[in-house]
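Today I opened my notebook to look up salt bridges. Here is what I wanted to find out: which side chains pair up, and where do they sit?

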Amino acid sequence: MEYRRAFIPGGSFFFTLVTDKRRPLFHDGKNVGTLREAFRNVKIKRPFDIDAIVIMPDHLHCIWTLPPGDEDFSTRWRLIKTWFTKHCRGDLYVLSEEARRQAIWQPRFWEHVLRDQNDFNRHVEYIHYNPVKHGYVIAAREWPYSSFHRYADAGIYPADWGGGGMDSKGIGRE
């Protein structure tokens with residue numbers, strides 16, 4: 001079966017990218033910084049908006065909106081993955097020399113065309129709740145590598161959205 005990607009000029013897309021063998025490369029903040037730099041570098045020549053993002057230890061989810069008339073998200077992902085790979089090879093989180101020579105990313109990525117505002121909103125919530133779902137934190141606000149903070153600062157979410165009555169340290173909220 002041949003997979004066909006949906007190319008919609010100026011569209012909004014939900015993406016999932018996974019590290020090779022689900023290695024927790026982004027457990028190290030330095031690698032997260034390198035990934036952010038890869039995004040910044042590619043956005044200079046091929047602009048796009050990152051509407052929401054979460055970087056987990058072994059994968060990431062994000063929503064992009066492309067400029068009007070532009071449908072080429074595949075090249076952007078290739079450039080981001082390549083830039084990250086070239087710039088982090090020597091520093092990867094607790095990896096042996098042999099592991100550094102292996103692939104960093106799974107070969108492909110998964111995308112979903114966001115059909116309407118409701119679909120967009122559901123995927124933003126999925127992104128922001130992901131660290132809670134995986135058990136890394138008790139509340140979305142505790143995960144540092146997420147656009148949740150931008151949404152909360154803008155008043156789109158209350159600061160306690162996506163969490164229980166206690167934070168990950170067992171301290172009750174006021």
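My entries on the salt bridges follow.

**Entry 1: the count.** I was working with a predicted model. I looked for salt bridges and the count came to six.

**Entry 2: D58 and R22.** The side chains of D58 and R22 meet in a salt bridge, with 3.3 Å from N to O. D58 lies in the loop between strand 2 (49–55) and strand 3 (59–65), and R22 in the loop between strand 1 (12–18) and helix 1 (29–45), so this pair ties together parts that are 36 residues apart in sequence. Next I asked myself: is D58 buried or exposed? D58 is buried, at 14% relative accessible area, which falls under the 20% cut-off. R22 is partly exposed, at 42%.

**Entry 3: D72 and R46.** I found a salt bridge between the side chains of D72 and R46, at 3.6 Å from N to O. The pair links distant parts of the chain, 26 residues apart: D72 is in the loop between strand 3 and helix 2 (73–88), and R46 is in the loop between helix 1 and strand 2. D72 is partly exposed at 23%, and R46 is partly exposed at 31%.

**Entry 4: R122 and D119.** Here the closest N and O atoms are 2.8 Å apart. Both residues belong to helix 4 (residues 117–133); they are three residues apart, so about one helical turn separates them. D119 is buried at 2% relative accessible area, while R122 is partly exposed at 45%. I also noted that salt bridges with shared partners join R115, D119 and R122 into one network.

Methods. Residues numbered from 1 in each chain as written. Predicted model: local features only at pLDDT ≥ 70, side-chain atom pairs only at ≥ 80, totals over all residues. Heavy atoms only, no water. Salt bridge = Lys/Arg side-chain N within 4 Å of Asp/Glu carboxyl O. Helix = DSSP H or I, 4+ residues; strand = E, 2+ residues; numbered from the N terminus. Buried < 20%, exposed > 50% of the residue type's maximum accessible area, 1.4 Å probe, protein only.
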